[in-house]
Amino acid sequence: MVKIIDDVSRTFNEFLLLPRLTRKEHVPSNVSLRADIKRYSIQEDKDGKEVRKCLNVPFVSAAMQAVSGHELAIALARKGGCSFIYCSQPIDKQAEMVRKVKEHKAGFVVSDSNLPPCAKLKDAVELRNRTGHSTIAITEGGKANTKLYGLLTSKDFWEFKDDLEQPVRDYCTPVESLVLGHQGITLQEATELLWKNKKECLPIVDNEGNLVSLVFRRDYFDHKSNPDELCDEHKRLFVGAAINTRDYTERAKALVDAGADVLCIDSSDGYSEWQKETALYLRKRFGDIIIGGGNVVTKEGFRYLVEEAQVDFVKVGIGGGSICITREQKGIGRGQASALLEVCKARDEYCKKTGIYVPICSDGGINNDTHIILALAMGADFVMMGKYFAMTEESPTRKVIFKGRTYKPYWGEGSNRARNWERYKEGELGGMEFEEGVDAYVPFSGTLSDKVDITVAKIKAAMCNIGVCDLKELHKEAILTRVSEMTLVEGGTSSVEHLDRIEVQDR
């Protein structure tokens, strides 16, 4: 006979947070939103032996075609979060997106725009147009990490006036005239050299004069204007990538080679042997790389992924996305609040038993900033969002105008438009027999930076009201209350007229 759970499947809208004592230290400037993204040992962390991997803001973007392209990944990493480049595309294209993020900005940049001294100006123009890089290293054989002959920038020649058949050696700034840094120099020392000599680019060379890397002046200002920027140990932007349970051996290698910092298995239902097999392969093949699994909505699903599949973080949520119709089509899923509360409780029990903390990602059911705050208070370490980011300037889709308003296309990975069959038919071959996602439009909301800034301000303000300064404290101190239908009415505006709904006449 079927087993029935007595508890009702609940959503974020059914809860409110109670305010706690706000002390003088509880001001937004003292609030940290750093969030763990990789499992760690509580004891080793206390002993100072554990190096924890964290996000600077608790936001990741969903692995969706209409969301996580390389431009959004760059913008989100600069604000402190992480994007998961979608896997419903050819392997080489996904790897190229990851590569573009890693090459966008760094402290010490390995030059990938190089030409030999005998190359022609037209080759420089073609290389600049292909890569978008205005600084080209002139090296032996046109290869990185070989002898440096000079630098060629867009200021050194005029493609509309100069003879493009001429060799670049006649136009580049020779190495003898360059200000150089030497291997072993710190980023701070390199920045000081750039400032002191009023240069835009500082080549770093070894004792034999071989080019090691480049340091750019603009990177310093980029970092200063984005203090929460999330980078890897080489000062390159942090980026994740999604993989499926079909071609993961080939896809994962290409993504890791391209520089992906974290891999997440993309599946509508992660409580499966397919996911376990994939995760264990990734752990054996790539060692310490961060691996995410999911999605699950029960404590059993969490334990399976953590104990059997050995993933580093677990995504929670089935059927709660704004464009997801899994619950409607298959009757599978759970209210996001109920799923999150149960899984986070299982996470805490597992941590108490083993001393290992496993971060939780809440994926789905978020329709506003209040839902983000509630998800974090319920125990999530970070949230994954699709619609939130699909609305921004940096998402991959084009803006459209309808009846004077601006929108952006947004479709689910379970829709026919996505053609992401691997995500929903893990153990079988063939196409999609029915859709689990819809094709829609969302209102344009402006730049990602402005949107994230507002959301972060709200989260910090709420945490001050609760009397906490970090997410771990929030998990411990938050108190939730259930709300009634009339509470929702009372919480909104009532008994007043909005000026945009009535015609105001001057008197």
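How accessible is Asp45: buried, partly exposed or exposed? In this predicted model, Asp45 has a relative accessibility of 27%, so Asp45 counts as partly exposed. Its salt-bridge partner is Arg52, with N and O 2.9 Å apart. Arg52 is partly exposed too, at a relative accessible area of 31%.

The structure holds 28 salt bridges. One of them joins Asp232 to Lys102, and the closest N and O atoms lie 2.9 Å apart. This pair links distant parts of the chain: Asp232 sits in the loop between α6 and β14, while Lys102 belongs to helix α3, 130 residues apart. Both Asp232 and Lys102 are buried.

Let's look at another pair. The side chains of Arg334 and Glu342 also meet in a salt bridge, 2.9 Å from N to O. Here Arg334 is buried, with a relative accessible area of 13%. Salt bridges with shared partners also build one network out of Asp36, Asp45, Arg52, Arg347, Asp348, Asp381 and Lys472.

Now find helix α7, residues 248-258, where Tyr248, Arg251, Ala252, Leu255 and Ala258 are buried. Viewed down the helix axis, these buried residues fall within an arc of 130°, so they line one face of α7. An α-helix has 3.6 residues a turn, so residues three or four places apart point the same way.

The buried residues of α7 pack against α3, β14, β15 and α8. On the other side of α7, Glu250 and Asp257 are exposed. After the helix comes Gly259, with a positive phi near 115°.

## A nonpolar patch

Finally, Met1, Val2 and Ile4 make a nonpolar surface patch of about 470 Å². Met1 lies in the segment before β1.

Key: Residues are numbered from 1 along each chain as its sequence is written. This is a predicted model: local features need pLDDT of at least 70, side-chain atom pairs count only at pLDDT 80 or more; totals for chains, interfaces and linings use all residues. Side-chain values use heavy atoms; hydrogens and water are left out. Patches are made of residues with over 30% relative accessible area and no salt bridge: like charges are joined within 9 Å, nonpolar side chains (Val, Leu, Ile, Met, Phe, Trp, Tyr) within 5 Å. Accessible areas come from the Shrake-Rupley method with a 1.4 Å probe; for residues, only the protein chains shown count as cover. A salt bridge is a side-chain nitrogen of Lys or Arg within 4 Å of a carboxyl oxygen of Asp or Glu. Helices (H or I, at least four residues) and strands (E, at least two) are DSSP runs, numbered from the N terminus. Buried means under 20% relative accessible area, exposed over 50%, partly exposed in between (1.4 Å probe, protein chains only). The arc is that of the directions from the helix axis to the C-beta atoms. Contact means heavy atoms within 4.5 Å.
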